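Dear colleague,

Please find below the structure that I am handing over to you. My notes on what was found in it follow directly after.

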Amino acid sequence: MIKQVRTFRAILCTVIFAGLLMPHHAAAQAKAPGTGDDEDEQVTQTKHHKKVLPEPKYPKVVGYLSFIIPTGTLQNNQVTYNFTNNTKIGFPVGVNVIYSDKFGFSYEFTPTVKTTTLSHSTSMSNLLFDPGPMFRFKHGFTIIPRLAFETSGRYGFTPVFNEVYLRTKDVNYFVAMSLPCRWGEDDGVMETGSIGLNVQFGFIFN
């Protein structure tokens with residue numbers, strides 16, 4: 001009988017001792033690196049870290065190249081279309097100084113090449129300098145109200161509506177629509193006011 005009691009006490013002590021050890025062992029496993037909640041927390045922190053992008057540094061200077069196609073010009077209540085009696089294509093090149101994600105300033109020069117349909121002669125007909133502030137919005141949309149000074153003698157302003165439609169590591173591709181408003185002389189001849197519609201395609205160096 002005494003032997004059975006001692007055996008029962010030994011078994012009971014073993015069970016109690018094992019029970020006291022198990023919670024500490026489980027806690028140690030939970031706190032071990034790479035296991036349990038720590039691992040989930042590390043994964044969450046890693047995912048969160050990947051989503052954080054570096055803040056852009058301002059001011060930022062970028063250059064761009066493009067070509068612009070005049071579609072038509074309204075003057076004296078008449079519309080003159082491109083690609084009829086002559087063809088004009090401009091090649092705007094410029095520099096954008098970006099001061100923030102909402103504002104910048106653009107300096108642009110546009111040489112224009114003109115081809116006459118009847119004589120098939122080609123020449124550089126005009127050089128335009130049109131600087132202007134950049135009002136930047138979300139999704140790559142920008143409004144640029146440009147001043148306009150042409151070597152032909154015309155002057156005025158050009159509202160430009162610009163949209164970046166494709167972004168890559170090296171360049172961003174954009175399309176723009178502009179409404180050139182002009183007054184003054186044209187090659188020494190005084191002309192009435194005019195308004196046109198241009199379409200522009202180009203890319204910006206990152």
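I begin with Asn 77, which is exposed, with a relative accessible area of 78%; here exposed means over 50% relative accessible area, buried means under 20%, and partly exposed lies in between (1.4 Å probe, protein chains only). Asn 77 has a positive phi of about 60°, although it is not a glycine. It is located in the loop between strand E1 and strand E2 (78–81). Helices (H or I, at least four residues) and strands (E, at least two) are DSSP runs, numbered from the N terminus.

Please note that this is a predicted model, in which local features need pLDDT of at least 70 and side-chain atom pairs count only at pLDDT 80 or more, while totals for chains, interfaces and linings use all residues. Residues are numbered from 1 along each chain as its sequence is written, and side-chain values use heavy atoms, with hydrogens and water left out.

His 139 also deserves a mention: it is not a glycine, yet it has a positive phi of about 65°. The loop between strand E7 (132–136) and strand E8 (141–150) contains His 139, and this residue is exposed, with a relative accessible area of 70%.

Another backbone feature is the cis peptide bond between Tyr 58 and Pro 59, where omega is about 0°. Pro 59 belongs to the loop between helix H2 (36–51) and E1.

Next comes the pairing of strands (two strands pair if DSSP finds at least two bridges between them). E1 and strand E12 (residues 189–205) run antiparallel and are joined by eleven bridges; Leu 65 stands opposite Phe 203 of E12. E12 is also paired with E10, in the antiparallel sense, over eight bridges, and here Val 171 faces Phe 205 of E12 as its opposite residue. Strand E11 (residues 181–186) pairs with E12 over five bridges, again antiparallel, and Asp 186 has Val 189 in E12 as its bridge partner. The hairpin of E11 and E12 has two residues between the strands, and Asp 187 in this hairpin takes a positive phi near 55°.

Which residues make up the largest nonpolar core? There are ten in all, among them Val 62, Tyr 64, Ile 98, Met 134 and Phe 174. Strands E1 (60–75), E9 (154–167) and E10 (171–178) each supply at least two residues of this core. A nonpolar core is a set of buried Ala, Val, Leu, Ile, Met, Phe, Trp, Tyr and Cys residues joined through side-chain atoms within 4.5 Å.
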